[in-house]
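User: Hi! Could you walk me through this structure with me asking questions as we go?
Analyst: Happy to, just ask away.

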Amino acid sequence: MGYFKNINLKNFRNFDDFHIEFSEKCNIFYGENGCGKTNLLEALSLFTKGRGIRKDKIINFIKKDEKYFSNFTNFVNQGIEYELKSVSEINSNKFQKKIYLNGDISSDVNKKIQSLITFLIYLPENERLFLASPTTRRNLFDHFIFSNNDNYNTLVNFYKKNIYERNIILNNSHIDENWLEKIEENISNSGIAIYEHRKLQVDLLEKNLQQINKYFNLPFKINIKINDIFFDEKIKNHKYLDSLKKNRDIDRIIGGTKVGPHKSDFIFFVDKDYPASQLSTGQQKTLVLLLYFAQCNFLINECKKQPILLLDEINSHLDEINTQLLLKIVNQFDIQFFMTGTKKDLFSFLSTNTNFYNISEK
């Protein structure tokens, strides 16, 4: 089991110099709004690549009137303790985040960190997953895919980069046809790969939702559909390229591309054909928790990974069913959890192997 033993924050967000020890099982940060609960989750998330759970600018992590932040932690995996440091550094007048493992930094170190730590992150906007914009649903699926595929974010960024470069070329007075065709080939190849990863993720979620029925009696059967006028499971490269060429004029005007995985949506149905968006607020929360339950089941039992769950403001709309479901997730898997909420008593059902921290009293 991999887990964080502690964290030391220096000049991070609203924290000057802050230290806290963790339970290897369940940790609850509670306190009034604005006290720094989410900042603690964000600090943890910065020990892997990326810009944290809120994807903010590095300069915004630094406490006001300070010049840097420096966070430390001891992380234990298979009985081995590692020292991790996440810091801000200035390179060419630009703030960057650097991660050190036992004092070292390199591409090999980054790969080692990715092999040690896998996060599953629940954000408050997931509460309205089925009513929010398609971007919210795409982001959740991409987050789930990345939890088992360290290279997936690189693929998505490559796809976005080529769409951006294509738009620049299309708006030039002189178009380099050979270069444009190469960019469109990159878009086609990476776009199809993203489609394939997302279709596989849909299949894995549906499969694991069925499997967790043995742990928790599901209140409904869940089906997921990729909603995309361009996508089908047999999509070929030549079809994608033909579409990109056909849409060059309109893409020049609108920017981006008219078709591709950035236009996809995921539609959820329960009991075959009832839209999840029509469920009650509590039922929608149940469905969201079940998705995280299913992803945990997949990562732990099929991928042999032990994700660490960061659950921000998880206790809204926790009716009896959702309370029991969250408790079941915690008890079912031998992994570390971090949750935030405004009051301690909202988490009273998690009394076993749980540490509570009043962040308002820091």
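Analyst: Let's begin with helix 9: the cover over its buried residues includes helix 8, strand 12 (308-311) and strand 13 (337-341). Keep in mind that this is a predicted model.

User: Which residues of helix 9 are buried?
Analyst: They are N322, T323, L325, L326, L327, I329 and V330.

User: And how does the span of helix 9 compare with what its 13 residues should give?
Analyst: It agrees: at 1.5 Å a residue, the 13 residues of helix 9 (residues 320-332) should span 18 Å, and the end C-alpha atoms are 18 Å apart.

User: You mentioned strand 12. Which way do its side chains point?
Analyst: I308 and L310 point one way, L309 and L311 point the other way, and all are buried. As a rule, side chains in a regular strand alternate between the two faces of the sheet.

User: How many bridges join strand 12 to strand 8, and do they run parallel or antiparallel?
Analyst: Strand 8 (residues 119-122) and strand 12 are joined by four bridges and run parallel. F119 has I308 in strand 12 as its bridge partner.

User: What about strand 13, how many bridges there?
Analyst: Three bridges join strand 12 to strand 13, and these also run parallel. In strand 13, M339 stands opposite L311.

User: Moving on from strand 12, where is N315?
Analyst: N315 sits in the loop between strand 12 and helix 9. With a relative accessible area of 13%, N315 is buried.

User: What does N315 touch?
Analyst: Leaving aside neighbours within four places in sequence, N315 is in contact with T340, G341, T342, L346 and F347.

User: What's up with phi of E313?
Analyst: Phi of E313 is near 50°, which is a positive value in a residue other than glycine. E313 is found in the loop between strand 12 and helix 9, and it is partly exposed, with a relative accessible area of 21%.

User: Where is D271, and what is its phi?
Analyst: D271 lies in the loop between strand 10 and strand 11. Phi of D271 is near 50°, again positive in a residue other than glycine. D271 is partly exposed, at a relative accessible area of 47%.

User: How many bridges pair strand 10 with strand 11?
Analyst: Strand 10 (residues 265-270) pairs with strand 11 over two bridges, in the antiparallel sense. F269 has P275 as its bridge partner in strand 11.

User: New topic: aromatics. How many aromatic pairs are there?
Analyst: The count comes to 22 aromatic pairs. In one of them, the ring centres of F4 and F75 are 4.9 Å apart and the planes are at 75°, so the pair is edge-to-face. F4 lies in strand 1 (residues 3-4) and F75 in strand 5 (residues 70-77), so this pair ties together parts that are 71 residues apart in sequence.

User: Are F4 and F75 buried or exposed?
Analyst: Both F4 and F75 are buried.

User: How about Y215 and F293, stacked or edge-to-face?
Analyst: Stacked: the ring centres of Y215 and F293 are 6.1 Å apart and the planes are at 10°, and that angle is under the 30 degrees cut-off, so the pair counts as stacked. Y215 is in the loop between helix 5 (177-211) and strand 9 (222-227), and F293 is in helix 8 (residues 281-301), 78 residues apart. Y215 counts as partly exposed at 21% relative accessibility, whereas F293 counts as buried at 0%.

User: Which residues do ring pairs link into a cluster?
Analyst: The cluster is F4, F22, F29, F47, F75, F119, F338 and Y357.

User: Last one: which lysines lie over the face of a ring?
Analyst: Among them are K85, over the face of Y100 at 4.8 Å from the ring centre, and K239, over the face of F230 at 5.3 Å from the ring centre.

Methods. Residues are numbered from 1 along each chain as its sequence is written. This is a predicted model: local features need pLDDT of at least 70, side-chain atom pairs count only at pLDDT 80 or more; totals for chains, interfaces and linings use all residues. Side-chain values use heavy atoms; hydrogens and water are left out. Rings of Phe, Tyr and Trp (its six-membered ring) pair if their centres lie within 6.5 Å; planes under 30 degrees apart count as stacked, over 60 as edge-to-face and the rest as tilted. Buried means under 20% relative accessible area, exposed over 50%, partly exposed in between (1.4 Å probe, protein chains only). A charge sits over a ring if NZ of Lys or CZ of Arg is within 6 Å of the ring centre and within 35 degrees of the ring normal. The expected span of a helix is 1.5 Å times one less than its number of residues. Contact means heavy atoms within 4.5 Å. Two strands pair if DSSP finds at least two bridges between them.
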